[in-house]
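Hi,

Here is the structure I said I would pass on.

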Amino acid sequence: MGKAVEFVKINKYFPGVHVLKDISFSVEEGEVHALLGENGAGKSTILNILHGVYSEYEGDVILHGKKVAFKNPNDAILNGNISKVHQETMVVEELTVGQNVTLGYQPKKGLFIDFGKMHRDVDEILEELNCRFRSRDIVRTLTAGEKQMLAIAKAIYHHSNIISLDEPTASLTSKETEALFAVIRKLKADGITILYVSHHLEEIFQICDRASIMRDGEYIQTLEIKNTTEDELIHAMVGRSVSAVASRLKPCRAKDEVVLKVEHLSDNEGKYKDVSFELHKGEILGFYGLVGAGRTEVMRVLAGADRKISGNIYLKGKEIRGSWNSTKALKYGIGMLPEDRKTHGFNKLDSNYNNIAISSLEKYMSGVFTSDGKKLKNAEHFFQELDIHPNKPDYLTVNMSGGNQQKVILAKWMSTDIDVIIFDEPTKGVDVAAKAEIYRLMEELVEEGKSLIVVSSELPEAMGLSDRLIVMSEGRITKELTDREGFDSDAILNYAIGGN
Ligand SMILES: Nc1ncnc2c1ncn2[C@@H]1O[C@H](COP(=O)(O)OP(=O)(O)OP(=O)(O)O)[C@@H](O)[C@H]1O
Ligand SMILES: [Mg+2]
């Protein structure tokens, strides 16, 4: 077998930064090849070069022995038979699946689109991929996982023989992830080359043949997965040993004092029903459940992002009455790090230090104005603490890598003086080393007397972090586990699927 992709001495610069430094490595035809590295290492950038998103770079990209230079991703799909499937796959929600898959290249009968053939062709691909939706379905009705399958169907429709997936499982349920892996194995069996980026190392061991490691814009090495341990992978990525296991290093800080009490919270759509619980001072309270269990919806009400329909909320003994919104919630001392950070997390036009300061402006006053110097100083502290790359507090947040954007938003919440912080999937898209740093910071926060709610869909994380763990299933609390030592993963999973 030959080489599907060869990168030869690739260099890429953005204004003021050298993000890819002399990268050379190759990917064999028909293998599943992982691209691994910490947040900001350059994984998405090299994929963007491969797929024609960036056409300005130094060095050569060679596909199946031939040098290529794509002008844009469409050029890459049509003329290079190479497709990229990523989390925010661009779809037109109001069109059918078939229209999205074939967009711009529909089969024609004379001057007109041959809808019959279009749907037959697309359905054939969907069937082969074992998808349950069909070509005539409207895209709006699909789940995140199904939209990803749509993107894969599109790659197949265009006869792609190289497909890259950049963090494809970040918002998939475990069932959808399994379905995706089945498809990846099938594509591989058909001789298609796969490039795969993920921060979930267990996935790498499940489906990848080899892994190329990048660190800080440099190529480090390519490893054969079956001859490599998880610790070796982490060491190659981070340059030192880091534990990949969520754990507590400090003792429980929870006091008897109740800071937040929720009684019979329900909406009128059935997304959450009769939710009651208490949060104690200094406690880390975990909320575990499957994607769609209603946890985020509950948290959004507590943080004032959504209206309260029925039930009572008490903060430090005082019942919340009247209108409730996020500004008021912050005044009462409760705030939330949202799961969907791309749309809710930061201001696109602002620098890191401004984004970090935005929810705690009173801290940076100098006379009647806020002082940039004070905001910068605060940001510098968190850039150190959270090891944010590149170390440029004055950069636009939108130009940071995905995982580093998360860290910036985390720093925003850590800068506030609120007592109750809700973290919704705090480590989504975050690399192993940064995960460990986030866990340590959470321990510091409870040591300072803050109280945390951590919503997580990763069971080891929920179990490893929480003093107490609440399990939700289909909008209801199915179990509250108070004995951290006695957390049992099988039992918790069972509560999460609604059993008891
Ligand atoms: N448009 C841009 N302008 C300036 N710098 C950028 C731009 N896009 C990316 N960068 C920088 O390039 C570097 C590599 O980013 P990239 O997105 O490739 O990282 P990554 O390995 O995909 O990280 P993550 O795991 O967080 O997704 C980062 O330091 C990032 O800040
Ligand atoms: Mg990335």
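To start with the interface: how many residue pairs are in polar contact across the interface of domain 1 and domain 2? The rule finds four, with both residues at pLDDT 80 or more. A polar contact here is a pair of N or O atoms within 3.5 Å; within protein, one must be able to donate a hydrogen and the other to accept it, and residues adjacent in sequence count only if both atoms are side-chain atoms.

Some housekeeping before the rest. This is a predicted model, so local features need pLDDT of at least 70 and side-chain atom pairs count only at pLDDT 80 or more, while totals for chains, interfaces and linings use all residues. Residues are numbered from 1 along each chain as its sequence is written, chains are lettered from A and ligands numbered from 1 in the order in which they are written, and side-chain values use heavy atoms, with hydrogens and water left out.

Back to the domains. The assignment gives domain 1 as 3-238 and domain 2 as 258-496 (bounds come from an automatic or database domain assignment). Their C-alpha centres lie 31 Å apart. On contacts (heavy atoms within 4.5 Å), 18 residues of domain 1 meet 17 residues of domain 2. Together the two domains bury about 1,300 Å², 56% of it on carbon and sulfur atoms; buried area is the accessible area (1.4 Å probe) that two parts lose on being put together, summed over both. In the side of domain 1 that touches domain 2, α8 supplies the largest share, three residues. (Helices are DSSP runs of H or I, at least four residues, and strands are runs of E, at least two, numbered from the N terminus.) That side divides into eight nonpolar, seven polar and three charged residues, where Ala, Val, Leu, Ile, Met, Phe, Trp, Tyr, Cys and Pro count as nonpolar, Asp, Glu, Lys and Arg as charged, and the others, Gly among them, as polar.

Now the charges. How many salt bridges does the structure hold? There are 25, a salt bridge being a side-chain nitrogen of Lys or Arg within 4 Å of a carboxyl oxygen of Asp or Glu. Across the interface of domain 1 and domain 2, though, the rule finds zero.

One of the pairs is Glu94 with Arg140, with 3.2 Å between the closest N and O atoms. Glu94 sits in the loop between β6 (82-86) and α3 (97-102) and Arg140 in the loop between α4 (115-128) and α5 (144-157), so the bridge ties together parts 46 residues apart in sequence. Glu94 is exposed at 51% relative accessible area and Arg140 partly exposed at 49% (buried is under 20%, exposed over 50%, partly exposed in between; 1.4 Å probe, protein chains only).

Arg253 and Glu447 also pair up, at 2.7 Å from N to O. This one links distant parts of the chain, 194 residues apart: Arg253 is in the loop between α8 (230-238) and β13 (258-266), Glu447 in helix α15 (residues 432-447). Both are partly exposed, Arg253 at 27% and Glu447 at 39%. There is a network too, linking Arg248, Arg440, Glu443 and Asp467 through salt bridges.

Last, a look at Val298, in helix α9 (residues 295-302). Val298 is buried, at 0% relative accessibility. Beyond its neighbours within four places in sequence, Val298 is in contact with Leu265, Tyr272, Val275 and Met472.

Cheers
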